[in-house]
Amino acid sequence: MPEKEYPFIDFSRESYSAEEMIEKSNSFFEWADERRSVRDFSDKPVPKEVMENILMTGSTAPSGAHKQPWTFCLISNASLKSKLRTLAEEEEKKSYGGRMSDEWLEDLAPIGTDWEKEFIDIAPWIVIVMKRPYEIQEDGSKRQNYYVSESVGLASGFLLMAVHNAGLVALTHTPSPMNFIAKALERPENERPFLLIPVGYPSDDARVPDLTRKTTDEVIAYYD
Ligand code: IYR
């Protein structure tokens, strides 16, 4: 069944002056540049409503044919978190213990990650971002989604900025392979785990690597 056409509505907007744009874009960049991936979490609770707002911000991301091909599993249940930690660590032990290449391990060494994933137990919330390659329609038939990884990646980026906006921290964790997550959460067959994102406050003694980011010349190729 083809979708009905959307009615189109006006979207003209007042724009900012060049000076206002420069000021706004610069202060937004400086604020975004303060975001860091954090591995040391506090167990201090975060209201569920905050998490719902963060996830709904993720869900404002553009998506192929506006299919919004994502589900955010929002986990606070301690025994489920503990189960996910155990399963993630089982996979990570295998990854760090031989599945990852020497080059990969060498690239991670400065960041100091290892197979231990304590944060899954400690952070008050674990978000599992699921991607949905297709939908299962009422009659049981499949209907394709489009640009699924691009769309879900964008939604995850929006979500991370919403976490930062709330004064909280997150980590984009990618236990690999991740099939154990869909099983543990009893997700429907059209969902695949995409990212595991703990969200919460940083612990009082949280530390992050003192890294720098690439400069304009390193990330922008100009064609004036
Ligand atoms: N998935 C592993 C390994 C890992 C890989 C990359 I690339 C990182 O930037 C960080 C970690 C883990 O989460 O530890």
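Analyst: Glu92 is a buried residue, because its relative accessibility is 6%, under the 20% limit for that class. This is a predicted model, and the description below rests on it. The salt-bridge partner of Glu92 is Lys117, and the closest N and O atoms of the two are 3.8 Å apart. Glu92 belongs to helix H3, whereas Lys117 sits in the loop between H4 and helix H5 (119–122), so this pair ties together parts that are 25 residues apart in sequence. Lys117 is buried as well, since its relative accessibility is 5%.

A network of salt bridges with shared partners joins Arg85, Glu89, Glu116 and Asp121. Within it, Glu89 and Arg85 form a salt bridge in which the closest N and O atoms are 3.0 Å apart. Glu89 and Arg85 are four residues apart in helix H3 (residues 78–99), so about one helical turn separates them. Both Glu89 and Arg85 are buried.

Glu91 takes part in another salt bridge, where its side chain meets that of Arg99 at 2.8 Å, N to O. The two partners fall into separate burial classes. Glu91 counts as buried because its relative accessible area is 14%. Arg99 has a relative accessible area of 42% and is therefore partly exposed. In the whole structure, a search finds nine salt bridges; those described here are among them.

Asp107 is placed in helix H4, which covers residues 102–108. The relative accessibility of Asp107 is 54%, so this residue is exposed. Members of such a patch make no salt bridge, whereas Glu92 is paired with Lys117.

The largest nonpolar core contains 23 residues, and Phe72, Val127, Val129, Leu159, Ile197 and Val199 have the most contacts inside it. Two or more residues of this core come from each of helix H2 (48–58), strand S1 (70–75), strand S2 (125–131), helix H6 (148–165) and strand S6 (192–200). H6 makes the biggest contribution to the core, giving seven residues.

To return to the part in question, Glu92 of helix H3 is linked to Lys117 of the loop between H4 and H5. Glu89 and Arg85 also lie in helix H3, and these two belong to the network that includes Glu116 and Asp121.

Technical notes. Residues numbered from 1 in each chain as written. Predicted model: local features only at pLDDT ≥ 70, side-chain atom pairs only at ≥ 80, totals over all residues. Heavy atoms only, no water. Buried < 20%, exposed > 50% of the residue type's maximum accessible area, 1.4 Å probe, protein only. Core = buried A, V, L, I, M, F, W, Y, C linked by side-chain atoms within 4.5 Å. Salt bridge = Lys/Arg side-chain N within 4 Å of Asp/Glu carboxyl O.
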